[in-house]
Amino acid sequence: MTTIGIIGGGQLARMLAMAAARLNFRTVILEPQPDCPAAQVANEQIVAAYDDERALDALAAACDIVTYEFENVPVAAAERLALDRPVFPPPKALEAAQDRLVEKRFLNDSGIATARFHAIDSQADLEAALADFGGSGVLKTRRLGYDGKGQRVFRSGDDSPQGAFEALGSVPLILESFVPFEREISVIAARSTDGTVACYDPAENVHRNGILHTSTVPAEIGAATRDTAHAAAKAILDALGYVGVIGVEFFVLADGSLVANEMAPRVHNSGHWTEAACIVSQFEQHIRAVAGLPLGNPVRHSDCVLQNLIGDDIEDVPAWLAKDNVLVHLYGKTEARPGRKMGHITRLT
Ligand code: AMP
């Protein structure tokens, strides 16, 4: 039986392991936290840090193919594994996605519009860049930001930027021009080992407190906007020689044009609806891709709304279970801390 190694043991790896099992694959999880969400449903867990060389060698020995569930896998770890085993998506996808500056340049080089941006390495850089953008912009850490963490928004005539470089940790930053978007969408797309690309319809995303709250499908966009989003996803996948599923987030402007925000070289929270509304979910699609199997049909059979269950939302589960058009998916986390993703529901509409 073929064994798939997964770096990272959270809910995304858990759902990948479940999809893998349905297609007769074994899974081994590399994750430092014992009894992690993924290990509860996988065949084996190696409990070690992601950059532990002995653990990486043990992972390579235990599996035939390696994949990952998060974009901050150390590139050196992925490259070490790639000497022994196929690693999908390719490690260069990690490099492109880990640093917002590298990512924006890569997107622009691939013909995809982004917000304007300046690299910020000092308070003086920040002040010059803000002046260039008329006093407004979104300041972000280049690395390790997620769910709106490590960010600060400046609006024209707002508070002074004084001390802002230090407040974000005096680390490399990027200032993006403020995009006056009407809505946010994301595309989940997959590329197989033979270069075939399959795209799911874009979802329209609403965030609360910087965390994804709902993804609604279809998004309120025209066919031309949808086609542009799909073409951008394909351009990214082809440029990286990608294998697996990717999530690409866009801002939609009033005229329907798109500005790419970021990409995640993995299955994506805004694609969880695919398990309820498509024959082949993003998780199975990823497993098919990395295992060299044909991709499944991404066409949606139902419209739907995905909603994350964050922290105490877990208490609503009995009410969701009582509805006849809702699929509930829980992640096996015992402690419902505020802001923690405990599960999600998909309501067919
Ligand atoms: P991010 O961490 O890059 O996904 O940003 C988190 C959220 O901040 C996005 O979902 C947007 O709602 C908002 N945001 C980020 N960048 C910009 C931008 N350049 N212009 C306007 N809003 C932004």
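Guide: A pocket is an open set of points on a 1 Å grid over the protein atoms alone, where a 1.4 Å probe fits and protein lies on both sides within 12 Å along at least five of seven lines; lining residues have an atom within 4 Å of a point. The model is predicted, so local features need pLDDT of at least 70 and side-chain atom pairs pLDDT 80 or more, whereas totals for chains, interfaces and linings use all residues. Residues are numbered from 1 along each chain as its sequence is written, and side-chain values use heavy atoms, leaving out hydrogens and water.

The second largest pocket holds about 190 Å³ of space, a volume filled by probe spheres set on points joined across faces, edges and corners. Its lining consists of Met15, Met18, Ala19, Arg22, Glu275, Ile279, Ser281, Phe283 and His329. Helix H1 (residues 11-22) gives the largest share, 4 residues; helices are DSSP runs of H or I with at least four residues, and strands are E runs of at least two, numbered from the N terminus. By class, the lining has 5 nonpolar, 2 polar and 2 charged residues. Domain 1 (3-87) and domain 3 (183-348) each contribute at least three residues to this lining, with bounds from an automatic or database domain assignment.

Now for the ligand. Lys140, Gln151, Ser177, Val179 and Glu184 come nearest among the 16 residues around the ligand, where near means a heavy atom within 4 Å. That shell comprises 5 nonpolar, 5 polar and 6 charged residues, and both domain 2 (116-176) and domain 3 (183-348) supply at least three. Strands E6 (137-141), E13 (244-252) and E14 (258-264) each provide at least two.

Some distances may interest you. A polar side-chain atom of Lys140 sits 2.7 Å from a ligand oxygen, and a side-chain N or O atom of Glu184 is 2.6 Å from an oxygen of the ligand. A polar backbone atom of Ser177 lies 3.0 Å from a ligand nitrogen. Alone, the ligand exposes 470 Å², of which the protein buries 86%, by the Shrake-Rupley method with a 1.4 Å probe.

Finally, the backbone. Most peptide bonds are trans, and most residues other than glycine have a negative phi. Here, cis bonds join Phe88 to Pro89, with omega about -5 degrees, and Val217 to Pro218, with omega about 5 degrees. Asp35, not a glycine, has a positive phi of about 50 degrees.

Definitions and conventions: Polar contact = N/O pair within 3.5 Å; in protein donor to acceptor, adjacent residues only side chain to side chain. Nonpolar A, V, L, I, M, F, W, Y, C, P; charged D, E, K, R; others polar.
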